[in-house]
Amino acid sequence: MSVSSVNAEKSNKPMAKRLVLLLPTIGKFAEKTITVAAVTDEGKIDPQRDDVVELSINPECRLRFDDKSKVKQLTLVNGEAKVNVVSENLPEVPIIKARWISGKSPLQGVQLTYLIASH
């Protein structure tokens, strides 16, 4: 197999273009795991991505990461990274953002508004 055919084969593989957030149902007084992933246009996780991403939660909200921070840098492993968040005893609507920091190629970020209530 020639070098050019190997390169052509690699270029036919779909590459991740954006970040997505996968959020479980979060109730009051809960600790849950959220996932950030690099996905292709088809919505499949790209296992070749090992980018650095930043997750943030709006400062006026009480939802926080399990280390009490509001901002976390994570490294994707096989295209995804997980982090725990902790909620308190009140309903609220946090804004959670994922932003690409560095890696193979830029990934479009994502921002979600999320309801925390007594589920």
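Let's start at Thr40, which sits in the loop between strand 2 and strand 3. Strands here are DSSP runs of E, at least two residues; helices are runs of H or I, at least four; both are numbered from the N terminus. Is Thr40 buried or exposed? Thr40 counts as buried, because its relative accessibility is 5%. The cut-offs: buried is under 20% relative accessible area, exposed is over 50%, partly exposed lies in between, with a 1.4 Å probe and protein chains only. What does Thr40 touch, once neighbours within four places in sequence are set aside? Pro14, Met15, Ala16, Lys17 and Arg18. Contact means heavy atoms within 4.5 Å.

A word on the source. This is a predicted model, where local features need pLDDT of at least 70 and side-chain atom pairs count only at pLDDT 80 or more, while totals for chains, interfaces and linings use all residues. Residues are numbered from 1 along each chain as its sequence is written, and side-chain values use heavy atoms, with hydrogens and water left out.

Now the whole chain. The protein chain has one helix and eight strands. Along the sequence the pattern reads α-β-β-β-β-β-β-β-β. Of its 119 residues, 38% count as buried. The accessible surface is about 7000 Å², and 52% of that belongs to carbon and sulfur atoms. Those areas come from Shrake-Rupley with a 1.4 Å probe; for residues, only the protein chains shown count as cover. Take contacts with a separation of 6 or more: 61% of them join residues 24 or more positions apart.

Two strands pair if DSSP finds at least two bridges between them. Strand 2, residues 31-39, runs antiparallel to strand 6 over seven bridges. In that pairing, Val36 stands opposite Ala81 of strand 6. Strand 4 is joined to strand 6, residues 80-86, by two bridges, again antiparallel. Here Arg64 faces Val86, and Phe65 stands opposite Val85.

The other open sheet I want to show has four strands in the order 5-3-7-8, also antiparallel. Strand 5 (71-75) and strand 8 (110-113) are the edges, each pairing on one side only. Neighbouring strands in this sheet are turned by 20° against each other on average, direction ignored. That angle uses lines fitted to C-alpha atoms, and angles run from 0 to 180 degrees between N-to-C directions. Strand 3, residues 52-57, pairs with strand 7, residues 95-102, over six bridges. Val52 stands opposite Ser102 there.

Last, the core. How many residues are in the largest nonpolar core? It has 23, and Val36 and Leu55 have the most contacts inside it. A nonpolar core is a set of buried Ala, Val, Leu, Ile, Met, Phe, Trp, Tyr and Cys residues joined through side-chain atoms within 4.5 Å. Strands 1, 2, 3, 6 and 7 each give two or more residues to this core. Now Leu55, not counting residues up to four places away in sequence. Its contacts include Leu21, Ile34, Val36, Phe65, Val71, Leu74, Val83 and Ala98. Lys70, Lys72 and Lys97 are also among them. As a general point, nonpolar side chains in soluble globular proteins tend to be buried together.
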